[in-house]
Amino acid sequence: MQGSANLNLMIKAARKAGRSLVKDFREVENLQVSAKGPGDFVSKADREAERIIKEELRGARPTYGWLGEETGEEAGEDPTRRWIVDPLDGTTNFLHGLPHWAVSIALEHKGEVVAGVVFDAAKDELYYAEKGLGAYMNESRLRVSGRRHMIEAIFATGVPFGGRSTLPATLQDLARLMPVCAGVRRWGAAALDLAYVASGRYDGYWERGINAWDMAAGLILVKEAGGFVGPVREGREIFESGAVIAGNAELYDPLCKILREAA
Ligand code: IPD
């Protein structure tokens, strides 16, 4: 795919941050870890990855705004564009030596995500998409799965940690969904959950209590791979509501029906 200059810049930043994270992952026991809240950790690795990405992106596009998990929100001179960045999605996996984490970078224009990159550096899987140009993993075009029956479908989710208020509703979702599908996975990296929906590995994904930086890049991957995304509560903006549903073209509606009845 011949991506735009912005997409190439995002890929360059994601690869550079990924190299730094792979290095830290080999020596994970030496990282200084602190808790941002119950079950919510940050380390030198996250901070360094965000510094690298910010330097690349803001250096090249100084007028764009910024929303990053570790450094928060900064307005840019250009109010129509902002980067949305999670330098290390799946921090808990990373800190436990589990190789399931990713760099996530999205570009938003006038409130819409127009490009996204999710880099699974431990497996060297680079997922990227740009509005209207499709979604890819390394050189291969991505398509969501074609499964049509709930009973053969696998979904992913995130189960809220640290006593979050969205836990009871998520447990209710699981109680409704698990008896009618082939399985639910909780692997601990939302950006990869969405990338896996885009690549057809999962048939759908939902999560309550999720941040824009965890999902922004993954949302465009799913859409450009032929899937659908939406908020759990209809009529609300996905980022603002922090509760998202994604699915292949066949199972998105049935999944929404089950989750929205419980909402
Ligand atoms: C977390 C992961 C996890 C999801 C949480 C996120 P982080 O992101 O994506 O899968 O369930 O909602 O906060 O904290 O590792 O960047």
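How many residues surround the ligand, and which are the closest? Select the ligand to begin: 13 residues surround it, and the closest are Asp89, Thr91, Gly158, Gly188 and Ala190. A residue is near a molecule if its C-beta atom, placed from the backbone, lies within 6 Å of it. Strand S5 and helix H3 are the elements that give two or more residues to this shell. By class, the shell has 3 nonpolar, 5 polar and 5 charged residues. In this classification Ala, Val, Leu, Ile, Met, Phe, Trp, Tyr, Cys and Pro count as nonpolar, Asp, Glu, Lys and Arg as charged, and the others, Gly among them, as polar.

Two remarks are needed before the tour continues. The model is predicted: local features need pLDDT of at least 70, side-chain atom pairs count only at pLDDT 80 or more, and totals for chains, interfaces and linings use all residues. Residues are numbered from 1 along each chain as its sequence is written. Helices (H or I, at least four residues) and strands (E, at least two) are DSSP runs, numbered from the N terminus.

**First stop: helices H1 and H2**

Select residues 5-26, which form H1. H1 has 22 residues and reaches 32 Å from its first C-alpha to its last, close to the 32 Å expected at 1.5 Å a residue. The expected span is 1.5 Å times one less than the number of residues. The buried residues of H1 are Leu7, Leu9, Met10, Ala13, Ala14, Ala17, Gly18, Leu21 and Phe25. A residue is buried if 20 or more other C-beta atoms lie within 10 Å of its own, exposed if 12 or fewer, and partly exposed in between, with C-beta atoms placed from the backbone. The cover over the buried residues of H1 includes H2, S5, H3, S6, S7 and S8.

Next, pick isoleucine 11, which is found in H1. Isoleucine 11 is partly exposed because 17 other C-beta atoms lie within 10 Å. Leaving aside residues up to four places away in sequence, isoleucine 11 touches Val117, Leu126 and Tyr128. Contact requires that the C-beta atoms of two residues, placed from the backbone, lie within 7 Å. Valine 118 is 107 residues from isoleucine 11 along the chain, and their C-alpha atoms are separated by 8.7 Å.

Now select residues 44-60, helix H2, which has 17 residues. Among the buried residues of H2 are Ala45, Ile52, Ile53 and Leu57. The buried residues of H2 pack against H1, S2, S3, S5, H3 and S6.

**Second stop: strands S6, S7 and S8**

Select S7, residues 112-120. Of its 9 residues, 7 are buried. Strands S6 and S7 pair in the antiparallel sense over 7 bridges; two strands pair if DSSP finds at least two bridges between them. Glutamate 108 has valine 113 in S7 as its bridge partner. Between S6 and S7 lies a hairpin turn of 2 residues, where lysine 110 has a positive phi of about 50 degrees.

On S7 there is also an antiparallel pairing with S8, over 6 bridges. Here valine 118 stands opposite tyrosine 127 in S8. The hairpin of S7 and S8 has 4 residues between the strands, and aspartate 124 takes a positive phi near 55 degrees.

Display the open sheet of 5 strands, whose order is S12-S11-S13-S15-S14, with mixed pairing. Why is one side of S12 and of S14 left without a neighbour in the sheet? Strand S12 (183-185) and strand S14 (228-231) stand at the edges, each with a single partner strand, so one side of each has no neighbour there.

Strands S11 and S12 run parallel and are joined by 3 bridges, with phenylalanine 155 partnered by valine 184 in S12. Strands S13 and S15 run antiparallel and are joined by 5 bridges. Select S15, residues 243-247, where 5 of 5 residues are buried. Ala243, Ile245 and Gly247 point one way from S15, while Val244 and Ala246 point the other way. S14 and S15 pair in the antiparallel sense over 4 bridges, and glycine 230 stands opposite isoleucine 245.

**Last stop: tyrosine 252**

Finally, select tyrosine 252 in helix H8, residues 252-262. Tyrosine 252 counts as buried because it has 21 C-beta neighbours inside 10 Å. Not counting residues up to four places away in sequence, tyrosine 252 touches Gly204, Gly227, Phe228 and Gly247.
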